[in-house]
Amino acid sequence: MTGAAQAGPRPGVAGQPPGKGTGEPATAIPGQPDMWVLVLFEALVFTAYFAVYLFHRSAHSELFLRSQATLNPWLGTLDTLLLLASSLFMLRCVQAARAGAFRPALTSACITAFLGAGFLASKITEWVLLVHGGHGFTSNEFFAYYFFLTGIHFLHLLIGFVVIGVIIYQLRGPARRSRELVETCATYWHTVDLLWVLIFSLLYVVR
Amino acid sequence: MNAQAKRRSLTTWLILSAITLGYLALDRSADDHGAYRASSVVTTTAILLALVKARLIFREFMQVRNAPALLCRLTDLWVLLIGAVLLGSYFTGLAVR
Amino acid sequence: MRRADGELILFWTLPALAVIWVSAFLLFPGFTHPMSPSMTAAQVAGFYRDPAHLSRIRYSMILFNWFGVGLIPMLMLLVMQVRRMAHRTPILSYCLLGCTAGGPTVFLFADLFWLLAAFQPGRDPQLTLMFNDLAWMTFTAVVPFLIGQSLILALAIYLDRPDRPVFRRWVAHFNVMVAAALVPAAFTGLALSGPMAWNGLLPFWVKNIAIAAWIAVMSIALGQNIYRQRADGSDQRVTEEAVAA
Amino acid sequence: MSRTIAESVTPPGPPAGSRLGRIAWHWRNNSKRELWFAWYTTVVFYNIFFIVFFPVTHAQPPPHPYWSDAQVAYWFNHDHDGLIIGFAIIFAVAAMTAPQNALIAYSMRRMSVSRAFGYSYLVMYSLSALPGMLLLCVVLSVGALRPGRDPAQLHWLYDFGFLSFTGTMGIFLLGSLVWMLAILLDKNRVLPKWFGYLNLCNALTEVVVAPAWIFHRGVFSWNGLISWWINMVVFGIYTGAFITLLRNMILREDFGDGPLPDIKKNPEATASALAGTAQ
């Protein structure tokens, strides 16, 4: 992904109002604009998955409610808090990298990865508990959706670790440190967080 | 690093976490002594809160607020779209059951 | 300097391959009198149960298995010839490589189905019939990669430099004719008897004679090329370029 | 490959005469003729593929995985002619996937990445035609061949066909990832980075079809809303995107090994880009 570093001046930098006095840079798309194609495309694909789920859910609400009652809302909340915190540190990492403070940026990236790993551990725990309780992928419609949505999100998160790896690789080498790449990778990580926020409310809270 | 930016991100995170914890209360409100009951109010609130969180993540964490207007509009459009689609499919499902 | 050593050895595997091929073809009782698709399940089961047939079916198909994969080095030599042509891009040699990967794999599947049918001849005749159908259908109809490699080879020759061609023009014309002769075999599912059935004139005799002619003619043209290129050293120059490119 | 041949003999541009005359000119003089051959083959192939699989054979959208033996037997007999003729056409033209894969492998060759990427893609996709398409065609043709076959066996052929078609997406999953990595690492600007990311989106939907091995009905079955319809939309967008982008790549191709230039805006330059005479 180092190729993007030489991409030259980014569109949207010139002729835009400054960033509302927070000391952040003037108007610009954070990272490669290309990454936003992935963000918006995945957002639309997930919108479709969610719509299918909600439609079937409200059409068979008794089964879904009964199955939903076996989920542990505390674990879901813990997951959400972990990912939100990881996003906060990812933002810290970007802000530090932007200011040229690469050591704090590296620390923030590592904390992000650590919180993400916490999410993975909590998710696997939840899955193991459910499977031991006799609720598998094929148990019923609710669990099919549950394992599908959490599973595909899990996969996105695993890709997120590769992405954090790219950030750490960029920050460690004095010759690299492409601000654009760090921001691009951060955008991906926030997308994973964003999708989880939606999945959490749709699987655990919706009645 | 700018202190103001730092404070701002921390505030965002606090709001997001507070909404998340608020879900737990919402979670209880619909239940009948532990048994889950269907509730359009809870569903609608949950979806709307999720959209508020999504927009906050876009604006603050992903820094869309500093991005060109096109990206702001696209992300807002998506938030509106998913809100309409989610509520629409939920209520259509209720109607056809 | 990097020599194109070993091309001749690969080329001279062809006679051995031809022996395997001819003996397997004659050994399989279903080829010498091509099996009709209108045979009933009982007749097909009888064909596999016949003690005089069973060993011949198995041994011939084991041989065919070797033949299919054994053809790959010859196809690779053809890919190398296309690399030596005066093209701007390696696209056509990539195309030929793609066809090379597909063709023998298809052949392997047909072989597998025949061997499955012969492994337990006591099976329900309906099942034997189904494996037999799968084998014949795969063997006869799935010709895309053979058509593809002939046409791509023809195109590559047409687009070669006219003053100093790697293959002469008639090789290209010949390949187009072979491709045309293979097309009717794809439509063999249309009829269970007559000239379009898989034991009929077009899908069996024309197709298999075309394949045999293709292997024979292309072997000779290939051999001539390899000897000529070794003699004038053009194999070294271009191989080096192909590797560096 | 010699890089200097076509230049000396190339006339300034195609003649203004009939369509046939222009095609003949390009056939003889267009230095990008191999690339254009591969690109047009790709476009024609997808058209044939769509016509055969959707209206002719009705193999797409796939019929239900939960049908009984009798329903499957009825399906085979009802679509008998379409299945036989449609798949016969596929048997005749399936090698048209080879130029497409070659062109995509070439796009990676043009990038500033190792040759290993292009070759990996080429081999993966050369083999993919078999489980991805031809096995389905063979077993459904065999099913349609004998209408009187035991319905239980027809059912086996039916499952075999559709599961091999839908369930073997590993090749497409990893192929997309190889292409994605090559695009993201590339410094020659052969394909835009957003398309690299779109490859990731496509790869993720190839994961989503895996439950087709497990579910007989519902949204995750082989014709389900999530496993088939949403994936098909994503795949359609992805295919449309890469066909357009490969066309742009050919227009921009300068046969060098540095960054690909942009398409020039004025019509003369476009004509010369089309013929590859600009150097």
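**Entry 1: H1(A) against H10(D)**

From H1(A) I noted Asp34(A), Met35(A), Val37(A), Leu38(A), Phe41(A), Glu42(A) and Tyr49(A). They meet Lys193(D), Trp194(D), Tyr197(D), Leu198(D), Leu200(D), Cys201(D), Leu204(D), Thr205(D) and Val208(D) in H10(D). By class, I have 12 nonpolar, one polar and three charged residues in this contact. For the classes, Ala, Val, Leu, Ile, Met, Phe, Trp, Tyr, Cys and Pro count as nonpolar, Asp, Glu, Lys and Arg as charged, and the others, Gly among them, as polar.

The model is predicted: local features need pLDDT of at least 70, side-chain atom pairs count only at pLDDT 80 or more, and totals for chains, interfaces and linings use all residues. Residues are numbered from 1 along each chain as its sequence is written, chains are lettered from A and ligands numbered from 1 in the order in which they are written, and side-chain values use heavy atoms, with hydrogens and water left out.

Next I looked up the geometry. Helices are DSSP runs (H or I, at least four residues), numbered from the N terminus. Axes are lines fitted to C-alpha atoms over the stretch in contact, and angles run from 0 to 180 degrees between N-to-C directions. The crossing is right-handed (the near helix is turned clockwise from the far one by less than a right angle).

**Entry 2: H6(C) against H11(C)**

I then took H6 (residues 72-83) and H11 (residues 201-232), both of chain C. Their angle is about 55°, with axes 11 Å apart. H6(C) brings Met74(C), Leu75(C), Leu77(C), Leu78(C) and Gln81(C). Among the H11(C) residues I noted Trp214(C), Met218(C) and Asn225(C). This contact has nine nonpolar, four polar and no charged residues.

**Entry 3: Cavities**

I counted seven cavities of 30 Å³ or more. A cavity is a set of points on a 1 Å grid over the protein atoms alone where a 1.4 Å probe fits but cannot get out. The largest cavity holds about 600 Å³. Of its 29 lining residues (an atom within 4 Å of a point), the closest to the centre are Phe49(D), Gly132(D), Met169(D), Phe172(D) and Phe235(D). H11(D) gives the largest share of the lining, seven residues. The lining divides into 17 nonpolar, 11 polar and one charged.

Methods. Helix = DSSP H or I, 4+ residues; strand = E, 2+ residues; numbered from the N terminus. Contact = heavy atoms within 4.5 Å. 1 Å grid on protein atoms, 1.4 Å probe; cavity = no way out; pocket = protein on both sides within 12 Å on 5 of 7 lines; lining within 4 Å. Points joined across faces, edges and corners; volume = space filled by probe spheres on them.
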